[in-house]
Amino acid sequence: MIKDKVAYITGGTKGIGFGVAKILLENGVSVAFSGRKRDDVEKAEQELKQYSGNVLGIVSDVRSLESEQEAVKYIMEKFGRLDFVIANAGLGVFKPVDELSAEEWNDMIETNLTGVFYTLKASVEELKKTEGYYITVSSLAGANFFEKGAGYNASKFGVVGFTQAAMIDLRKYNIKSTVIMPGSVATNFNGNIPSEKDAWKIQPEDMGNLILDILKMNPRVLPSKIEFRATKPGN
């Protein structure tokens, strides 16, 4: 069902995006992924080639519509089609709202929220052709507010609302849309360095397997919003 199809993953150089790319490549999907820094993209591309040669690393900034349009152009030149888009790129700054700078606020909103729109805007015409799948990665912070999370909460609540509304707009084209809301994931997010202390958390490969399961579901089934958390919280 998914073999020989093509996926585009934003924020794919490490963490969740890298884990999803690995799982999809192992299951016969060709994968394009993007990141902001060329060195990170080239390093990740070499690492992912051990799973499949059908991988393309792209330098793109989701804060720029033109950059995402160029990314999709590269994908079409390389693979000739686009079936799955996973809007994963994101960042977080956690400060009390009175200490959060305008620059930090704008960077989160532009990356986490506007970025998912630009990624969809750049790819939607190709998804119409393949009756494809659009997946966004939000967070449990998209439904649960917390101290020092005003900017991050705003962006992730927005991703949930955006994806749910986009789902209604796009299903007439047989495009499916899902927002995934993970809890704690063992990644480099917010300066964390993954180690044994993160063993209780969701692993990037767990996110990859979840997305793989979603993509394999019968087309009549649409899991439009998924909360995904660790079984037990860490100590």
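Four aromatic pairs are counted in this predicted model, where rings of Phe, Tyr and Trp (its six-membered ring) are taken to pair if their centres lie within 6.5 Å, with planes under 30 degrees apart called stacked, over 60 edge-to-face and the rest tilted. Phe 94 belongs to the loop between strand 4 (84–87) and helix 4 (102–130), and Phe 146 to the loop between strand 5 (133–137) and helix 5 (150–170), so the pair ties together parts that are 52 residues apart in sequence. Helices (H or I, at least four residues) and strands (E, at least two) are DSSP runs, numbered from the N terminus. Phe 94 is partly exposed, at 26% relative accessible area, and Phe 146 is partly exposed at 37%; buried means under 20% relative accessible area, exposed over 50%, and partly exposed in between (1.4 Å probe, protein chains only).

The pair of Phe 117 and Phe 162 is edge-to-face, because the ring centres are 6.1 Å apart and the planes stand at 90°. Phe 117 in helix 4 and Phe 162 in helix 5 are 45 residues apart, and their pair thus links distant parts of the chain. Ring pairs also connect Phe 94, Phe 146 and Tyr 152 into a cluster. Elsewhere, the charged end of Lys 128 sits over the ring of Tyr 173, 4.3 Å from its centre; the criterion is NZ of Lys or CZ of Arg within 6 Å of the ring centre and within 35 degrees of the ring normal.

A nonpolar core is a set of buried Ala, Val, Leu, Ile, Met, Phe, Trp, Tyr and Cys residues joined through side-chain atoms within 4.5 Å. The largest such core holds 32 residues, of which Ile 9, Val 20, Leu 24, Ile 86, Ile 135 and Leu 215 touch the most other members. Elements that each supply at least two residues of this core include strand 1 (6–9), helix 1 (15–26) and helix 6 (204–216). Helix 1 contributes the most, with seven residues. Another core, of 24 residues, lies apart from it and has among its members Leu 56, Ala 71, Phe 79 and Leu 140.

Residues are numbered from 1 along each chain as its sequence is written. In this predicted model, local features need pLDDT of at least 70 and side-chain atom pairs count only at pLDDT 80 or more, while totals for chains, interfaces and linings use all residues, and side-chain values use heavy atoms, with hydrogens and water left out.
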